[in-house]
Amino acid sequence: MIDAAIFDLDGLLLDSEEVWDAVRETFVRERGGRYDAEVQRAMMGMSSGEWARYLHDSAGVPDEPDAINAEVVQRMLAAYREHLPLVPGAVEAVQRLAERFPLGLASSSNRPLIDTVLELAGIASFFRATVSSEEVARGKPAPDVYLETARRLGVAPERCAAIEDSHAGIRSAHAAGMRVVAIPNPSYPPDDAALAHADVVLASLAELTPAVVAGSS
């Protein structure tokens, strides 16, 4: 039995991976660092502390990690306030599942970004628990952010379903012992090894229904 549904944010409800990519690339190049496909892919799923440290240690950004994180977050907030890149059907998918399940959100985004996005999209009230991976010990693909979301919802992890789009997110939810509904991001698709951990794979949010989440359809 599934008693709760937990959404990812970036790449699933929000077409934000390209925004993150553009903002971080501009920042890194301004600071004289290296930004390429290896750097971009390495950061997917990392918590804010992890990717800020990575940019400092491995991509040649001279600023301290806290300063890197703060500057990138400010630029992301400005970008979202100018244009919120919601995935088509995101609001409706959240509303559909909220009619049957308590909802959580387990995201690699920073807390200010999570709160701002949900408010701007008008869906904050649908979520009973939201967790940023900066609030747990390890980012995705470790299970920490999903386990903490389940804890805050008061639901056992094995009675939760996670809706994910990325290789790190799918692995994270699977490691937490949850039912995994994968909706691969077309721009940054998960690898086959990660998709093998999904219980069901959908083409888009339009196919996401309470019955699919519950495993009854």
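Mentor: One cavity of 30 Å³ or more is counted, where a cavity is a set of points on a 1 Å grid over the protein atoms alone at which a 1.4 Å probe fits but cannot get out. This is a predicted model, in which local features need pLDDT of at least 70 and side-chain atom pairs count only at pLDDT 80 or more, while totals for chains, interfaces and linings use all residues. Residues are numbered from 1 along each chain as its sequence is written, and side-chain values use heavy atoms, with hydrogens and water left out.

Trainee: How much space lies in the largest cavity?

Mentor: About 250 Å³, a volume being the space filled by probe spheres set on the grid points, which are joined across faces, edges and corners.

Trainee: And which residues line it nearest its centre?

Mentor: Asp10, Glu17, Met44, Gly45 and Ser108 lie nearest the centre, out of 18 lining residues, that is, residues with an atom within 4 Å of a point. Helix 1 and helix 2 are the elements that give two or more residues to this lining, helices being DSSP runs of H or I with at least four residues, numbered from the N terminus. The largest share, four residues, comes from helix 1.

Trainee: What is the lining of the largest cavity like by class?

Mentor: It has eight charged, five polar and five nonpolar residues, with Asp, Glu, Lys and Arg as charged, Ala, Val, Leu, Ile, Met, Phe, Trp, Tyr, Cys and Pro as nonpolar, and the others, Gly among them, as polar.

Trainee: Switching to helix 3, which of its residues are buried?

Mentor: In helix 3 (residues 48-57), Ser48, Trp51, Ala52, Tyr54 and Leu55 are buried, meaning under 20% relative accessible area with a 1.4 Å probe, protein chains only. Seen down the helix 3 axis, these buried residues fall within an arc of 155°, so they line one face of the helix; the arc is that of the directions from the axis to the C-beta atoms.

Trainee: What do they pack against?

Mentor: The buried residues of helix 3 pack against helix 1 (17-30), helix 2 (37-43) and helix 4 (65-82), contact meaning heavy atoms within 4.5 Å.

Trainee: Which residues have the most contacts inside the largest nonpolar core?

Mentor: Phe7, Leu13 and Leu208 do, in a core of 52 residues, a nonpolar core being a set of buried Ala, Val, Leu, Ile, Met, Phe, Trp, Tyr and Cys residues joined through side-chain atoms within 4.5 Å. Helix 4 gives the most to this core, with six residues.

Notes: Buried < 20%, exposed > 50% of the residue type's maximum accessible area, 1.4 Å probe, protein only. 1 Å grid on protein atoms, 1.4 Å probe; cavity = no way out; pocket = protein on both sides within 12 Å on 5 of 7 lines; lining within 4 Å.
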